[in-house]
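Thanks for making the time, everyone.

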Amino acid sequence: MDLVADGELVRICSFVSINCLNLTSSFLMSTSLNSIMDGLLDGPERSIASKLLYPKLSEHITFLSTERVGRHTVEKLFLALPTMEDKAALSAQLSHSLSRLGSNAMGRSVMASCAVKEYLEGESSWKEAVARQRENENWLDEILGEQKEVDSGDEGGGEDRMNKRRKKEKKKKRCRQL
């Protein structure tokens, strides 16, 4: 099913953007928001979803950046944005709220993930920081990709291989969040 052709992606992004502040108010709802965002920003349509979500969430970016679950949304949005210009716009927007972001751990995490301080230092410094992030992400993907190829060559023990793959995928997600 093509989400873009059916308009489902547009409807989901609209729902999330309209209800993002309400969804972060309780643990159960914020977990639901995180699951929805995982599907949108880690899925095959991630660049389209990020382009749709960013303008709708832009007025709430600072608030989301300082929330426990909202920070994951902002960090994933930054990683999913397809162009450097889009990422620069997000970093620029966050740079206007340094005092609020620096006041709690979630905001500081977003500042590091979105290279906000590097953005204030200059374009070349910011581009280097984003390139380093991309290299770290690619390095991890390459390692996990090689591990999967080695595992797929084994005979028998299919269930054990599936458990190993699940563990590796979880580890990969945790490393990306760092």
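What you are looking at is a predicted model, in which local features need a pLDDT of at least 70, side-chain atom pairs count only at pLDDT 80 or more, and totals for chains, interfaces and linings use all residues. Residues are numbered from 1 along each chain as its sequence is written, and side-chain values use heavy atoms, with hydrogens and water left out.

The pLDDT, which is the predictor's confidence in each residue on a scale from 0 to 100, averages 78 over the protein chain, with 70% of the residues scoring at least 70. Over residues 148–157 the pLDDT is below 50, and this stretch has 8 contacts in the model beyond near neighbours in sequence, a contact being heavy atoms within 4.5 Å. Where pLDDT is low, the predicted coordinates should not be read in detail.

The protein chain has 12 helices and 0 strands, where helices are DSSP runs of H or I with at least four residues and strands are runs of E with at least two, numbered from the N terminus. Of its 178 residues, 38% are buried, meaning under 20% relative accessible area with a 1.4 Å probe, counting protein chains only.

Which residues touch the most other members of the largest nonpolar core? In this core of 26 residues, they are Leu53, Ile61, Val74, Leu77, Leu90, Leu94 and Cys114; a nonpolar core here is a set of buried Ala, Val, Leu, Ile, Met, Phe, Trp, Tyr and Cys residues joined through side-chain atoms within 4.5 Å. Among the elements that give two or more residues to this core are α6 (70–80) and α9 (105–113).

The axes of those two helices, α6 and α9, come within 10 Å and cross at roughly 5 degrees, the axes being lines fitted to C-alpha atoms over the stretch in contact, with angles from 0 to 180 degrees between N-to-C directions. α6 and α9 are therefore roughly parallel to each other, a label for angles under 35 degrees. Arg71, Val74, Glu75 and Phe78 of α6 make the contact with Met106, Ser109, Val110 and Ser113 of α9.

Cys114 touches Val74 and Phe78, among others. Finally, Ala115, in the loop between α9 and α10 (116–121), has a positive phi of about 55 degrees although it is not a glycine. Most residues other than glycine have a negative phi. At 1% relative accessibility, Ala115 counts as buried.

Conventions: Buried means under 20% relative accessible area, exposed over 50%, partly exposed in between (1.4 Å probe, protein chains only). Angles under 35 degrees count as roughly parallel, over 145 as roughly antiparallel, 65 to 115 as roughly perpendicular and the rest as oblique. Lists of a residue's contacts leave out its neighbours within four places in sequence.
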